Amino acid sequence: MKSVALHSRLTSLFLKGFTLLLFFSFTLSSYSQEVDEVKQKEGRKLFRSLCASCHKLDKKLIGPALGGVEERRENEWLKSWIKNNAEFQKVNAEAAKAAEFHPSAMTAFPQLSDLQIDAILYYTTVGEIKKDPIVAEGGVVTTQTGSAPEWLIYLLAAAIVVAFLMIASLLKQVSELKGNKKPEVQSNLKRDLQELWIGVKNNTFLKVLGTIFLLLVGAYVVFGTLFSVGVDQGYQPIQPIVFSHKIHAGDNKIDCQYCHSSAKHSKHSGIPSVNVCMNCHKNIAEVAENTVVELEDGVVLGKAELDMEIAKVYKAAGWDPEVLEYTGEEKPIKWVRIHNLPDFVYYNHAQHVTVAGIACQTCHGPVQEMEEMYQYSPLTMGWCIDCHRETNVDLKNNDYYEKIHKQLADKYGVEKVTISQLGGLECGKCHY
Amino acid sequence: MASNKKYWKSVEELKDSSVVETLSKNEFVENIPTDNFLGDKETLETSSTSRRDFLKYVGFTTAAASLAACEGPVIKSIPYVVKPNDVIAGVADWYATSMADGYDFANVLVKTREGRPIQIMPNKEANGTTSARVQAAVLSLYDEKLRLKEPSKKGETISWADADKEIGIELLKLKEAGKPVVLLTGTMASPSTSKIVDEFTTAHPNISHVVYDAVSEAAAADAFQAMYGRRALPNYKLENAKTIVSFGADFLGDFHGGFEKAYVQGRKPETGKMSRHIQVESNMSLTGANADKRIVAKPSDVVFSLINLYNAITKEGVASKATPIDSEIQKIAQELKKAGSKAVVMTGVNDINAQLISLAINRALNSEILDINNSLNIRQGNYEQVQKLVSDAKSGKIGGIITYNVDPVYSLENGADFAEALKNVSLKVAIAVENSATVNAMDYALPAPHFLESWGDTHFSEGNYGLIQPTIQPLFKTRQFQDTLLKWSGSSTSYYDYLKSFWSTEVLGGSSWNKALHNGFFQKEVALTEDGVETPRDISIAEVARILKMNTTPSGMELNLYTKTGLGDGKQANNPWLQEFPDPITRASWDNYLTVSMADAKEIGFSNPVKDNGSINGDFAKVTVNGVEVVVPVMVQPGQAKGSVGLALGYGKTFGLKEEMHVGVNAYPLYKGGNNIQYNVKVEKASGVHEFACTQVQKTIAGRHDILKVTSLKDYKTVDPKDHHHGWNKPAYVSYDHKEVEANTIDLWDEHNREIGHHFNLSIDLTSCTGCGACVVACHAENNVPVVGKKEVRVGRDMHWLRIDRYYSSEVETREEAKELGLSRGEMYEALETEAENPEVTFQPMMCQHCNHAPCETVCPVAATSHGRQGQNQMAYNRCVGTRYCANNCPYRVRRFNWFNYANNNEFDFNMNNEYGKMVLNPDVVVRSRGVMEKCSMCIQMTQATILKAKKEGRKVNTDEFETACSSACTTGAMVFGDVNNKEDKVAALAEDKRAYNVLDYLQTKPNVIYQVKVRNTNEA
C-alpha cells in the first residue's frame, strides 16, 4: 500500500508539473498510462453534474477556469471553499479576497465528501483522457437523391449510343455513295443483325409493335418527369450553419421538441430562436476533441471547423465568448427552409404531434442520424392520404372523441376508425 | 302578408326594363370577351403573326414555363433571436384595446399573428360593438402610402430632437410675446390626454385647446349643456324602449356613435317584447330602412313636425307651421303618450333649438329611455370655436397652430380659407397618423402612431373607461401625441408611466391595472345626483321654437348631408375595403352621389339606366348652396322625400390618396355652419354620364323573390306559421304525382347521415339584422377576400363572399292578383311606382348556403367542390379548373370567380400589392390565384382551429364555442353559428324555431344556413 501511495504521490508530482505546462498552453493532452482512470471518471462525472454550469477547465465561464486549480490553492483550502465558501470567507481573508473575483456567489456543496472533492480536483488536474482518434463510423446517411439524375444518365447514354449509330450508318452510306463497294464478306453476326433489321423493316406488325413500345416508354418517361415536378424529396440545401442533428438529437439525445417547441402548440414546428441555442451553447463553446462531421459531398469537418460554426451562433446571438456578455448586436440566422408545402395546403404540427402523438421521425425520417438535414418524405398529397387511410384514430384517450366514439359504437359496433372514416380525406380539411 | 308583396331591387325593375330581366337570368353579367378580338376579322387577317407562329410561341412559352417551374425557389426561414415569451409562431394572440380615432369609438379585441394585428372584433365583455369602419381600421394601420413615416420640416426630414428643440424655442417666443397658440384636435375622449393637455396649456397660458369634429354634433352637446349643465351627448337605453320616434336621427348609423346593439336588444319577437320604431326623415337612412314605420318628409317638414309633436304632447301652442304629415304626427303623439316613460324621441337635426325641443319632449314624456347620467363623451367638437380660429388666423391674431389628427383643410366648409389663413401663422405643427392636405399645409409634420401601436385610455360614456394598448411595434418613426406634449411641457415621464399612475389615482380606485389592461375596459359606477336625476334648467320652449321657426326658411330644394356606413367622415378614405364596401341602401361602392326622389328625378330628368353588363349609369347634377357649386352624379332613391336631396360627406378626398381612391365629390364645402340640413338649394341637370360601381341589379335571384319572408308582430303572435293560407312561414309545396306535396318530402338525392360529429349551421335573424355590414368587412379580413376596384365592381366582378342584399317592397298585389283585379300591366306598375315613393326595406345577408344537396357539387367536372360531413360545402381551389359551371348552377349566386390575380398585380394596386398591406393577410387562409372559383367556406379554418384546440386540451368543444368571422363581428347577434348536433348550442334551438326557414326551400337544396323570418312591429298601438 505504501508503495502505491508513494507511487501515486510521485505520479501526482510529475503530473502537477506537467499540468502547469498544460495550463499555460491551454491544451489538454493525453495521459494514457499514468492516470487513475477510475478516479478521473468519478471526478469528471461530479464535475459535469455540479460544476460545469459555471466552470470550465480551460476557460473562464461564470466562475474561473479550474484546470490545475490545485496548483494555485491548497487542497484543504479548496475543500473548505467548496463545502461552504460563504462560511469560509468569514474566517479566511484570502477567501474573502478570492470572492471578489466574480460578483456572483458560488453555491455551497456541503454534501460532498472529501473523497469526492478529491476526485473532482483530480479531474481538474488531469483533465480529459485522450483516446485514439475515432474514425468516423460510416455514419453518413445515404440520402435518397431523386431518381431524376439516374435515369437522366441512362437517357443520355442511350442518346449517345443512338447518335453514334446514326453517325456510323451515315458514314457508311456516304462511303457507299462515294463508290466504295460494300464489303463482300461480313462477319456472321453483322450479317445476321442486318437481316434481322431488314426483316423487322418489312414486317408491319413488328413496326406497329415497335412504335407502341417506343410510345409507352416515352409516355412513362414523360409522366415520371411531370409527376416529380415540385416534389423535393431528398432536398438538402446548404445551411448558413453546419448544424448536425446527429450530434444534437442523436449523440446527445436532446428531445426534438426541446428546440422545436412550438410543434406541440402550433401549425409550425418552429425553427428554434437563437436564445434556445444559447441555453446550452452559453456553456459549450467548442465541440469535444474528436468530433467529426462528414458532409454529404465528402467534406469532413473537424473540431476547428465545428468550433467556428458555434462561433456563428454566438455572432447571431450577440454573445461575446471572451467577456461572456451579450453585446446586443444580434444578427438573425437565415436558415434555408427544407420542408415546403404549397400555399394552398394547411398542415398543422400540433394536430399530429400533440393530438395524434406521432413521432417526428415518422415524417422527417431518421433525423437523429442526419449530419445534414434533408427532406425525407415526398410530402405529396398521395403520401398524406395513404397515411390518413391506414391510420386508426385513438378514440379512447381524448375526451373530444368521447361522444363520437359512443355514437359509433352504439350504431355500428365499431371500435376503431381510420382518419379517413372521420372525414380526414375531405378536401376542405387541408385546403382552405 | 309576405306572399302578397312584390320585392324589387332597383327602380329600373319597376319600369319593366328588359335589360334587368335579362340580367336576372345570368350568373355572370358579362360573357368572356372573345368577340373583342375574334370578331375583328380585319385585324386578324392583317396580323403579322401567323397561326404557325402563334403555335411556336405557345410551345416555346410552355416549355420555358415548365423549365422555370422545375427549379423551386429557395425559401428562407428567419427565427427570432430572442423569442418573446407570449408569441408562438402560428398561434394567434388576442389583445383587448379600444379604438378612438375621433369619429369611431369602440371597445375591441385585436387578433395578432406573429406580432402583427390582422383582425378587429368587438369586445363583447365590454359591450363593445364594431362597425364596418372599426373592422377595417386594421388595414389603415398598414397604409404605407398615407401614413407619416418620420418627422419632417417643410418636406425635409428632421430628427425628433431637432424638431423638439426648434418648436420649443418657437413656443417660448410666442409665450413671451403672449401671442395665442391653438391646439386643434378631434374628440379624443381620453381622460389622461385631457389632463396632459391641461398641463400643457397651464405651462403655456397662451395656448388654448379647440376640439373639432369634421362631422359635427355640436348642437346636441350644446343643447344638453343648456338643459343639464354639462357638455356631453345624452345616452339612449333603447333596449327598454317601447316606442322610439326618430326625426332624422340615424341612430343605427352614426348618430351619437350608433345604438344598434341596444336597439336590437329591445326587439326580440320571441320574448313578446318588441319596441315600435317610427322614423320621420327625408333621406333613406339605415335607421329608416329598419323602421317599423317610415314617414317621408323633407327636412324643413321634419323640423316643423318635431315642433308639432311637442305641441301635440304638451298641448302647448309654440310657434310652428303645418306640414303634410301632421295627421301622422298626431298618431305618433298618441303612441308616445301610451308608451309613457318607455317612449323616446330623438332628432338628428344639428340645430340646438331642434335638439332642445327633442329633449323637452322627452322631459314631457318623462322618458326613462333618455339617459342623462351615463352621457356620452364621443363628440366634443365645438364648431363655433373652430370658425373663430379661422377668422382669428385670417386676421393674423394667431401665433401658432398645432393640429392632431384633424384635416380642416379638407373637411371644413371653408377649408381653403383655413389654408390661406395659415400663411399668417408663424408656428405651424401637424401631429398626425396620416398625411393630409392639412399636414401638407403645415411646416412641421410629426408622425403619431396608429391606435393599434399606441398606449392610451378612453372614456366613451360616463361609466365606461377603456384602455388602449399597443398590439404591434411601431412601424414607423412615430411618437405618441401625449409623449410629445409631455416633452413640450418639460416633463420627462413617458406617457406609459403617466397613464399608469393616472389610472391608479383617478380611475381604478384600488382595482388592478393588469386586470383592467387585460379586459381592455373598466366599468365605473356612474355618480348620480341626489334624487337620481339631474335637475334640468328651465328653458322657454316657446322662445326656442320661435327661433327655430325663424331659422327654418325653406325655399327651393333642401339638402340633407349625411355620412355613409362605409366611409363615415372620410378619415379612412384610403382604405380599399371601405371603398369597395357597397352602401347598404344604394348598393353602390366607390362613390357618393346625390340621392333624388323618383318624383323629382322625373321632373328634372334624372335617371339611372341599367346597361347590359349590369352596371348603372347616372346623370350629373349641379348643386348650388349659398353660392358654392358642386357637380355630382345622381342616384334616384326610392324613399327620398320629394323636394329634398341627400349627399354623403367624407368623399372626394384626394391629397396623398392612391389614384384609385380619388372617388366621389367633397361635400364638406356645402356643410355650412356644420349643419346637416341646408335650405335654398338649387339642383340642375348637368351634362355627362357617370358610371357607377353598383351591385344593385347584379346577382339578382331570377325573380325568386320568395327568398324573403316578412311578417308582422301581430301575425307572428296569432297566426299559425304553417297555415296553408295565411301562414307566414309555410313550407313550399310542389306537384308530385299530380298532387300538391310539401317540397321537403321528395328528393333527388340520398340523405347524408349527419348524426355523428359536428354539423354546422348558421342562423341569420332578419329581424335583428340592421344591414350595417360589419360582417362584410370581417369576412374580407378573415378570408383574404381581394379588393377588385371600381371598374371591376362595375361589371359585376366583386369578390365579396358575403353580401347584404337589400330588397324594397311595397304593399300591392302580386302579378296574379293584379290580373284578377283587372289591372293592366301598366296600371300595376304605376301602382307599384307610387308605393315605391316610400318602400319598405329588408336586408338579407347572403353567402354560400352550404346546401346539403348542393347543385354546384354535381356539376363540377373535376370534383373541386364537395361536401364535408360537418355540413360545409368545401372548395378546393387547387383542384378548380375554372369552368364556372358551379356558379351557373347556384340558385343563390354566391360563387365568385377570380378573373385575375389580385395579389402582386399592379393592375390591382390595393393592399395585396405592397409589403405593408400584405401584413394584414390571414396566414391560415390561402390567397387565391387567377382562374379559380371561390366562395364562403363557413370559416372552415376557424371551425377546424376550434376543434383542434379542444382536441389538444382533451375536452369536448364547449357550448357556443364555434364561431365564424361574420357571426363574431355581428354586433346585434343576428348571426349565430354553431353545431346543431350539440343540443346546447344556441343554433340548435334556432334551427327548430318557428321563424326558421331555408331560402328557396322548394329547390330542396337543404341549406345549412337558416334564416329567421323578419318581424316588423307594424301594428299601431
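Predicted model: local features only at pLDDT ≥ 70, side-chain atom pairs only at ≥ 80, totals over all residues.
Biologist: How many residues does chain A have, and what percentage of them is buried?

Modeller: Chain A is built with 19 helices and five strands, and among its contacts between residues at least 6 apart in sequence, 69% join residues at least 24 apart. Of the 432 residues in chain A, the buried ones make up 18%.

Biologist: Where in chain A is confidence lowest, and where is it highest?

Modeller: The average pLDDT of chain A is 80, with 84% of the residues scoring at least 70. The lowest confidence falls in helix H1 (residues 2-25) of chain A, with a mean of 48, while the highest, at 94, belongs to strand E5 (residues 335-336) of chain A.

Biologist: How many contacts does the model have for residues 132-147 of chain A beyond four places in sequence?

Modeller: Two stretches of chain A can be set side by side here. Over residues 1-7 of chain A the pLDDT is below 50, and beyond near neighbours in sequence this stretch has zero contacts in the model. Residues 132-147 of chain A also stay under 50 in pLDDT, but for them the number of contacts beyond four places in sequence is 22.

Biologist: Which element gives the most to the side of chain A that touches chain B?

Modeller: The contact takes 47 residues from chain A and 43 residues from chain B. Elements giving two or more residues to the chain A side include helix H13 (274-281), helix H14 (303-317) and E5 of chain A, and by class that side has 20 nonpolar, 17 polar and 10 charged residues. With five residues, the element that gives the most is H18(A).

Biologist: Why do the buried residues of H7(B) line one face of the helix?

Modeller: Helix H7 (residues 160-177) of chain B has 18 residues and reaches 25 Å from its first C-alpha to its last, close to the 26 Å expected at 1.5 Å a residue. Its buried residues include Ile167(B), Leu171(B) and Leu174(B), whereas Ala161(B), Asp162(B), Lys165(B), Ile169(B), Leu172(B) and Glu176(B) are exposed on the other side. An α-helix has 3.6 residues a turn, so residues three or four places apart point the same way. Seen down the axis of H7(B), the buried residues line one face because they fall within an arc of 60°.

Biologist: Which helix do the buried residues of H7(B) pack against?

Modeller: The packing partners in chain B include strand E8 (181-185), strand E18 (400-404), strand E19 (427-432) and strand E20 (444-447). The helix among these partners is H19 (481-488) of chain B.

Biologist: How many of the eight residues of H19(B) are buried?

Modeller: Phe481(B), Gln482(B), Asp483(B), Thr484(B), Leu485(B) and Leu486(B) are buried, and what covers them includes helix H8 (191-203), E18, E19, E20 and helix H20 (495-507) of chain B. H19(B) is thus mostly covered, the number of buried residues being six.

Biologist: How far apart do the C-alpha centres of domain 2 and domain 5 of chain B lie?

Modeller: The domain assignment of chain B places domain 2 at 93-141 and domain 5 at 560-694. In the model, 10 residues of domain 2 of chain B are in contact with 10 residues of domain 5 of chain B, and the domain 2 side has five nonpolar, two polar and three charged residues. The C-alpha centres of these two domains lie apart by 29 Å.

Conventions: Residues numbered from 1 in each chain as written. Chains lettered and ligands numbered in written order. Helix = DSSP H or I, 4+ residues; strand = E, 2+ residues; numbered from the N terminus. Expected span 1.5 Å × (residues − 1). Buried ≥ 20, exposed ≤ 12 C-beta atoms within 10 Å, placed from the backbone. Arc of directions from axis to C-beta. Contact = placed C-beta atoms within 7 Å. Domains from an automatic or database assignment. Nonpolar A, V, L, I, M, F, W, Y, C, P; charged D, E, K, R; others polar. pLDDT = per-residue confidence, 0-100.
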